Structure formats: C-alpha cells, structure tokens
Amino acid sequence: NPCEMMTPTPRKALFLSYDGLTDQLGQSQILPYLCGLAAAGHRICVLSCEKPENFARDRAVIEAIVARAGIGWRYVFYTKRPPVLSTVKDLVGLRALMRKWHAQERFDIIHCRSYLPMLIASPLRRKGVRLIFDMRGFWADERVDGKLWSTDHPLYGAIYRFFKRKELTFLREADHIVTLTHAARDIMLKWPGCKDLARKISVIPCSVDTDHFDAAKIDSTRRENMRNNLGVSENDD
C-alpha cells in the first residue's frame, strides 16, 4: 500500500520513470511529493529517462533540488529514433542501471510510473521487492486514441496487443495499484478475474502544490467558467 510510505517505518524506495525529472512534468508532478516523502525520513531514489535538451537546460536546478532533499538520482538519456527500437534501447539501459542500483541499495519498494517501468521492474518482485504500479490510465488505449498507434498496423497492432495482455499481468503482480480516476477503477473491476483487485487499488488524481496554486482562491463563477471551457461537468472524476 503506498500509504505505508507515510508510516514511521522508513522505507527505501526507487521511483522508476520513463519521464525525466528535467521535463516540466517531472518538476511539477514528480519532484514535489518525492521531496515530501524524503522529508518524512524515507530513502528515496529516482531513476529517470532524460531528454538531452531538457537536461542541458535544467540539470543544475534539479541537482540542487534533489541534493537538498537527500534524494538519489540516476538517469539514462532518452532516444527518439528509430521508432520502437529507440524505446527498447532506453529500457535496456534503465533496466541495467536499476539492477545495479538495487544490488547496492536493496530497495524495499519500486514505484513504477506507468507501463514501461513496470515492464522492466516486475522481475524484481521475485526477489522480494514490493511493486507499486502507478498505471495512471490505460496507456495502450491512450496511444491508440491519440493516433500514435494504429491497431491495423502490423507492428503497432502487435505492440498494442502485447501491452493489453501485460496490463492484466501487471495488475495481478502489483502489490498496489494507483490510477487517476474512480471510473478507471470501476472498469478494471469488471474485467475477468479482476474483482479482487479492489483491495489494492487507490484512486489518486494528479496532485497540485498548493504553495503555487490555491484552488480556494478561485471564485465559484470563474471555476464554473473554467469547467465549461474545458467541457468538464461538476460530477466528472
């Protein structure tokens, strides 16, 4: 259970991400809560895949943040081409570094941010490491919906089917699952053999650092206008 990370017992955890800490997403969604966990006394390490242009721009900033927080940080560099093979290359590099770091640190928990990290971390479960599958949403379906993959394409169709099979394996292997919405949780519980997953699913919407953004300061009229502009109803989760 990810809530155990907040107990007085210190944990040694690896946060494994195919997104980079020097990405905007890494700085806004990943670092703030990892710094909070480190401040609570846990040993936090991050293994990420950094985009060279972002890394060149923000490396010093991120190094200062993780040094202050006492967070360990290692990385490989993201490659974009050729398609598919570049991703395989990145994952091979991440896996090798993960195994080397685990041999040194003996992590209690690996927090896998989405499907690709879960793919390379799942074998460590057999060595006693607990896995958090932070699946976010249905990644393979999102790739198809976003027209990044076509199920009619021989290669991308095969990749899609591979990850849909793996999706069920990841859900069953994970010690805990994090998804962004109650709707996603309800969908999964209807899948064959997944009814018992309810006990280990937490719905955790994307968080916000209220030191930078305070929703309470937005008046109700402005909030309603923002919902209307985004097509979000009051009951949407």
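A salt bridge is counted here where a side-chain nitrogen of Lys or Arg lies within 4 Å of a carboxyl oxygen of Asp or Glu. With that rule in hand, the close-up views below can be read one after another; the model they show is a predicted one.

**View 1. Lys164 takes part in salt bridges with Glu167 and with Asp141.**
The closest N and O atoms of Glu167 and Lys164 are 2.6 Å apart, and these two residues both belong to helix H6, where they stand 3 residues apart, about one turn of the helix. Glu167 counts as buried, because its relative accessibility is 1% and the cut-off for buried is under 20%. Lys164, by contrast, counts as partly exposed, with a relative accessibility of 21%. In the salt bridge between Asp141 and Lys164, the closest N and O atoms are likewise listed as 2.6 Å apart. That pair links distant parts of the chain, since Asp141 sits in helix H5 (residues 139–145) and Lys164 in helix H6 (residues 154–173), 23 residues apart.

**View 2. Arg136 and Asp134 are joined by a salt bridge between their side chains.**
The distance from N to O in this pair is 3.4 Å. Which of the two classes, buried or exposed, does Arg136 fall into? Arg136 counts as buried, because its relative accessibility is 16% and buried means under 20%. Asp134 is buried as well, with a relative accessible area of 2%.

**View 3. Seven strands form an open sheet with parallel pairing, in the order S3-S2-S1-S4-S5-S6-S7.**
Strand S3 (72–77) and strand S7 stand at the edges of the sheet, and each has a single partner strand, so one side of each is left without a neighbour in the sheet. Neighbouring strands are turned by 20° against each other on average, when direction is ignored.

**View 4. Strand S6 (residues 176–179) is covered on both of its faces.**
His176 and Val178 on one side, and Ile177 and Thr179 on the other, are all buried. Strand S5 (residues 130–136) runs parallel to S6 and is joined to S6 by 4 bridges. Within this pairing, Asp134 has Val178 as its bridge partner in S6, and Ile132 stands opposite His176. Strand S6 also pairs in the parallel sense with strand S7 (residues 201–203), over 3 bridges, and there Ile177 stands opposite Ile201. Between these two strands the chain crosses from S6 through helix H7 (residues 182–189) to S7, and this β-α-β crossover is right-handed.

**View 5. Leu16 is a residue of strand S1 (residues 12–17).**

**View 6. Phe55 and Phe77 form an edge-to-face pair, one of the 17 aromatic pairs counted in the model.**
The ring centres of Phe55 and Phe77 are 5.0 Å apart, and there is an angle of 85° between the planes. Phe55 lies in helix H2 (residues 52–69) and Phe77 in strand S3, so that the pair links distant parts of the chain, 22 residues apart. Phe55 counts as buried, at 7% relative accessibility, whereas Phe77 is partly exposed, with a relative accessible area of 38%.

**View 7. The rings of Trp139 and Phe163 make an edge-to-face pair.**
Why is this pair called edge-to-face? The planes of the two rings stand at 80°, with the ring centres 5.0 Å apart, and planes over 60 degrees apart count as edge-to-face. Trp139 lies in helix H5 and Phe163 in helix H6, so the pair ties together parts that are 24 residues apart in sequence. Both residues count as buried, Trp139 at 16% relative accessibility and Phe163 at 6%. Trp139 and Phe163 also belong to a cluster linked by ring pairs, which includes Tyr115, Phe133, Trp149, Phe162 and Phe170.

Note on methods. Residues are numbered from 1 along each chain as its sequence is written. This is a predicted model: local features need pLDDT of at least 70, side-chain atom pairs count only at pLDDT 80 or more; totals for chains, interfaces and linings use all residues. Side-chain values use heavy atoms; hydrogens and water are left out. Buried means under 20% relative accessible area, exposed over 50%, partly exposed in between (1.4 Å probe, protein chains only). Two strands pair if DSSP finds at least two bridges between them. A crossover is right-handed if, with the strands pointing away from the viewer, the path from the first strand over the helix to the second runs clockwise. Axes are lines fitted to C-alpha atoms, for helices over the stretch in contact, and angles run from 0 to 180 degrees between N-to-C directions. Rings of Phe, Tyr and Trp (its six-membered ring) pair if their centres lie within 6.5 Å; planes under 30 degrees apart count as stacked, over 60 as edge-to-face and the rest as tilted.
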